[in-house]
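This report looks at a few local features of one protein model. Please have the sequence and the structure open while reading.

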Amino acid sequence: MIFSFLLLSVAAFLSFVLPPETRSIIPHTETVIPCINSLCALLALFFIFKPDYYKGQYAVIFLQSITTIMTGYETLGIFLYMSLIILLLSDGQFKKNIYRKIAFLISIWALSILSLIPFGWNRVLLSYFTLLFFIAFYNFIYIKLRYMLSPLLPKKKEDGSKLFPPPGSNLKLEDYGVSERQKVFAMDCINENLSYKEISQKHFVSISTVKAEMACLFKCLGVKNREDLRFFLFQYNLV
């Protein structure tokens with residue numbers, strides 16, 4: 001987030017100094033773009049001290065990607081937008097209806113590319129093919145990483161008594177010896193990215209209790225730590 005703040009600060013400065021792109025469909029570009037860049041830079045500074053405010057971070061990337069393409073920097077805009085989709089995926093925002101949500105976001109982006117018409121249809125056409133390239137490239141990387149990491153995923157409980165279902169299936173944690181409290185703690189770790197201390201404060205229990213419950217949870221699911229737990233649970237639809 002520090003580097004995001006630096007980048008946005010430079011963008012804000014340059015938007016004040018350099019003449020605006022007159023062909024942009026954004027009205028009063030010379031005023032609107034510097035204000036947007038400055039606002040996003042201030043928000044990035046705020047997020048340095050509030051890193052848990054994910055929705056705000058998503059909004060900044062979304063706003064910057066859209067305004068970037070509308071001012072004629074379509075390649076950078078496409079990169080920012082695809083980075084937003086990857087960030088949403090890695091944060092577990094697409095655990096349900098993943099393809100529908102991705103298709104919706106890509107549709108928004110495909111429509112926003114039409115804002116390049118004032119720059120010429122050749123830019124519009126090139127941007128669409130650039131978008132397709134990014135989609136295919138990131139999908140290739142995803143498939144490659146999934147193949148490489150699949151041997152590291154836990155397949156069964158430590159005692160070997162019950163296999164886990166295939167990735168993408170429904171998973172009921174109670175079937176694997178996970179208590180309701182452990183499930184709640186796990187969701188706090190995965191969905192809200194809370195530390196053990198924050199979980200203990202939220203549920204009015206000691207940190208040692210949280211650590212003990214999480215250690216038991218790790219044993220039930222055959223994972224070693226929170227990152228393994230996050231990676232494992234993101235494969236399933238929890239019920």
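The sections below cover the basis of the model, a helix pair, salt bridges, a surface patch and a backbone feature.

## Basis

The model is predicted, so local features need pLDDT of at least 70 and side-chain atom pairs count only at pLDDT 80 or more, while totals for chains, interfaces and linings use all residues. Residues are numbered from 1 along each chain as its sequence is written, and side-chain values use heavy atoms, with hydrogens and water left out.

## Helices H7 and H8

Helix H7 (residues 180-191) packs against helix H8 (residues 196-203) at an angle of about 130°, and their axes are 10 Å apart. Helices here are DSSP runs of H or I with at least four residues, numbered from the N terminus. Axes are lines fitted to C-alpha atoms over the stretch in contact, and angles run from 0 to 180 degrees between N-to-C directions.

H7 and H8 are therefore oblique to each other; the term covers angles that are not under 35 degrees (roughly parallel), over 145 (roughly antiparallel) or 65 to 115 (roughly perpendicular). Their crossing is right-handed, meaning that the near helix is turned clockwise from the far one by less than a right angle.

## Salt bridges

A salt bridge is a side-chain nitrogen of Lys or Arg within 4 Å of a carboxyl oxygen of Asp or Glu. The count by this rule is 4. One of them joins Asp188 and Lys202, with the closest N and O atoms 2.9 Å apart. Asp188 belongs to helix H7 and Lys202 to helix H8, so this pair ties together parts 14 residues apart in sequence. Asp188 is buried at 3% relative accessible area, whereas Lys202 is partly exposed at 37% (buried is under 20%, exposed over 50%, partly exposed in between, with a 1.4 Å probe and protein chains only).

Glu213 pairs with Arg181 at 3.5 Å between the closest N and O atoms. This bridge links helix H9 to helix H7, across 32 residues. Glu213 is buried at 18% and Arg181 partly exposed at 39%. Lys183 and Glu174 also form a salt bridge, at 3.6 Å from N to O; Lys183 is buried at 17%.

## Nonpolar patch

Val10, Phe13, Leu14, Phe16, Val17 and Leu18 make a nonpolar surface patch of about 610 Å². Such a patch joins nonpolar side chains (Val, Leu, Ile, Met, Phe, Trp, Tyr) within 5 Å, from residues with over 30% relative accessible area and no salt bridge. Leu18 sits in the loop between helix H1 (2-17) and helix H2 (29-49).

## Phe204

Phe204 is not a glycine, yet has a positive phi of about 60°. Phe204 lies in the loop between H8 and helix H9 (207-221) and is exposed, at 78% relative accessibility.

Terms used. Patches are made of residues with over 30% relative accessible area and no salt bridge: like charges are joined within 9 Å, nonpolar side chains (Val, Leu, Ile, Met, Phe, Trp, Tyr) within 5 Å. Accessible areas come from the Shrake-Rupley method with a 1.4 Å probe; for residues, only the protein chains shown count as cover. Helices (H or I, at least four residues) and strands (E, at least two) are DSSP runs, numbered from the N terminus.
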